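Student: I'd like to go through this model with you feature by feature. Could you give me the general idea each time, and then the case at hand?

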Amino acid sequence: MQFEFTPRNCWEVYNSAKDKRKIEDLAARYLNFLSRCKTERETTDYVCQILRQAGFGEDPKGSKILRPLQGKAVFAARRGRKNPGQGAHLIFAHTDTPRLDLKQRPLQEQSSVGQAKTHYYGGIRKYQWFARPLALHGVIVKENGESLTLALGEKPGEPVFTIADLLPHLAAKQMDQPLRAAFEAEKMNLVLGHRPLEAPSRQRRKKEDESKDKIKAGLLNLLHERYGLVEEDLYSAELQAVPAGPALEVGLDSSLIGGFGQDDRVNVFLALEALTQSLAQEPPHTQILVFLDKEEIGSEGSTGAKSRFFEYCMQELLRHWSPETPLADLMLNSRGLSADVHPASDPDWPDLHEKLNAALLGYGPCFCKFTGSRGKYEANDAHAEYVAWLRGLLNKAGIPWQMAELGKVDQGGGGTVAMHFAKYGMNIIDFGPTVLSMHSPFELTSKADLYATCLAFKTFLNAG
């Protein structure tokens with residue numbers, strides 16, 4: 001009998017030809033998803049498209065309900081055999097990711113360069129965003145309500161954008177500064193163009209034109225010619241600078257996936273896959289996916305986990321499916337997964353993790369019993385009974401898993417949406433694949449972890 005617990009490498013567990021094909025098939029779909037979904041709106045559109053194709057709709061009396069909110073959050077529920085009062089199985093994930101947002105009045109001209117000013121969103125390391133190709137994604141809503149969706153810098157041959165970095169010959173003072181101070185947020189200005197607006201003719205050029213920002217004027221002229229925009233339209237816009245280009249396979253063995261926004265869109269994708277792969281059989285419990293915005297900035301706003309959106313959806317579900325069931329029964333008897341990524345032990349910085357409680361890339365999805373910081377402040381600390389039930393569930397299914405903390409005690413910390421749903425009394429724990437280079441413009445995940453996590457989500461959703 002084996003008394004010691006030893007995590008298992010997913011590549012060694014899923015080593016049959018059939019498993020390898022399934023791993024590659026899932027990875028191919030994920031690469032496509034990650035390449036096309038770089039904002040909350042794009043992610044939500046993808047989710048709603050897949051769910052509608054699977055028969056989910058907005059009829060509150062139907063057995064498969066879909067509720068999007070503001071193009072940034074989604075609630076999807078599929079009715080199970082058991083009464084909702086016996087609890088649902090829920091997977092929560094977030095659609096947002098750290099990036100650079102354009103300011104509401106972004107356009108400026110400096111030193112013969114047209115730029116867009118940005119305001120970073122979420123926890124980024126600023127230096128990672130300089131001197132790299134960037135794309136512009138987002139939406140602009142005109143005064144008349146007309147909406148324009150943009151994704152510039154992604155197609156072959158299409159120009160990209162960038163933030164210029166300081167040359168080493170003039171960076172002596174900067175290199176002596178602490179990293180936090182060396183890269184100023186107000187200097188993270190996106191290069192948009194360089195060509196001045198051409199005057200109709202030299203004779204018709206007015207004297208006052210000599211003092212105008214002609215490069216900015218040229219950019220505004222392009223925006224008007226191509227999209228019918230004026231500068232004021234940018235006040236009602238949500239534009240994001242994101243890394244340009246597709247997600248890619250990484251490594252000589254193509255075992256890793258590199259791309260932007262894997263925290264936390266990987267869990268949106270895997271939870272969606274798990275649900276759609278489960279549609280052939282009726283589940284014991286009601287299955288619910290909740291994808292939310294604003295996690296990276298504290299889960300605020302109407303589309304974040306602190307909003308009442310989730311609660312309203314649950315109330316509506318009961319009103320049409322089981323009006324005699326108290327909301328408290330549904331909440332208290334439900335089981336949830338806060339599907340969020342976990343930092344893998346970094347091969348170059350292993351000393352930041354406590355070895356016994358560190359996660360490894362390729363060893364399956366990771367349970368994180370608590371997050372928070374210092375003395376577990378602002379953490380959901382999952383109950384032992386729930387942890388035992390979950391590990392028994394995965395062990396019975398033969399799915400590799402691991403458990404870890406977020407680095408050494410007092411050396412960091414962070415939070416997820418788990419604590420916002422634990423307040424309803426439901427059992428919930430953080431659970432998801434491990435990631436290297438988390439919050440960078442090019443995060444890394446293991447294909448084998450994706451496969452094991454998808455199986456784990458599917459097993460959870462269909463558990464009795």
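Student: Which residue lies over the face of W389, and at what distance from the ring centre?

Tutor: Keep in mind that this is a predicted model. The residue over the face of W389 is R335, at 3.9 Å from the ring centre. There is another charge over a ring to look at: the charged end of K376 sits over F370, 4.0 Å from the centre of that ring.

Student: And rings with rings? How many aromatic pairs does the structure hold?

Tutor: The general idea is that a pair of aromatic rings is described by the distance of the centres and the angle of the planes. Here the structure holds 18 aromatic pairs. Take Y14 and Y451: their ring centres are 5.0 Å apart and the planes stand at 85°, so this pair is edge-to-face. It also ties together distant parts of the chain, since Y14 is in the loop between α1 (10-13) and α2 (17-36) while Y451 belongs to helix α12 (residues 447-461), 437 residues apart.

Student: Are Y14 and Y451 buried or exposed?

Tutor: Both Y14 and Y451 are buried.

Student: Which residues form one aromatic cluster?

Tutor: F5, F367, W401, F431 and F457 do.

Student: How many of the residues of α7 are buried?

Tutor: 14 of the 15, so α7 is largely enclosed by the rest of the structure.

Student: What should I note about how α7 and α12 pack?

Tutor: Two packed helices are described by the angle between their axes and the distance between the axes. For α7 and α12 the angle is about 50° and the axes are 8 Å apart. That makes α7 oblique to α12, and the crossing is right-handed.

Student: Where does K458 come in, and how far is its C-alpha from that of L272?

Tutor: K458 lies in helix α12. With a relative accessibility of 28%, K458 counts as partly exposed.

Student: At what angle do the axes of α2 and α7 cross?

Tutor: They cross at roughly 130° and come within 11 Å. The two helices are therefore oblique to each other, and α2 passes α7 in a right-handed crossing.

Student: And what about α10 and α12?

Tutor: The axes of helix α10 (residues 384-397) and α12 come within 10 Å, crossing at roughly 115°. So α10 and α12 are roughly perpendicular to each other. The crossing of α10 over α12 is right-handed as well.

Student: Now the backbone. Which residues does a cis peptide bond join?

Tutor: As background, most residues other than glycine have a negative phi, and most peptide bonds are trans. In this model a cis peptide bond joins D263 and D264, with omega about 15°. D264 is found in helix α7.

Student: What is the phi of A131, and where is this residue found?

Tutor: A131 has a positive phi of about 55° although it isn't a glycine. You'll find A131 in the loop between β5 (113-121) and β6 (134-141). Its relative accessible area is 55%, so A131 is exposed.

Student: And S299: what is its phi?

Tutor: S299 has a positive phi too, about 65°, and is not a glycine. S299 lies in the loop between β12 (286-292) and α8 (309-321). At 2% relative accessibility, S299 counts as buried.

Conventions: Residues are numbered from 1 along each chain as its sequence is written. This is a predicted model: local features need pLDDT of at least 70, side-chain atom pairs count only at pLDDT 80 or more; totals for chains, interfaces and linings use all residues. Side-chain values use heavy atoms; hydrogens and water are left out. Buried means under 20% relative accessible area, exposed over 50%, partly exposed in between (1.4 Å probe, protein chains only). Helices (H or I, at least four residues) and strands (E, at least two) are DSSP runs, numbered from the N terminus. Rings of Phe, Tyr and Trp (its six-membered ring) pair if their centres lie within 6.5 Å; planes under 30 degrees apart count as stacked, over 60 as edge-to-face and the rest as tilted. A charge sits over a ring if NZ of Lys or CZ of Arg is within 6 Å of the ring centre and within 35 degrees of the ring normal. Axes are lines fitted to C-alpha atoms, for helices over the stretch in contact, and angles run from 0 to 180 degrees between N-to-C directions. Angles under 35 degrees count as roughly parallel, over 145 as roughly antiparallel, 65 to 115 as roughly perpendicular and the rest as oblique. A crossing is left-handed if the near helix is turned anticlockwise from the far one by less than a right angle, and right-handed if clockwise.
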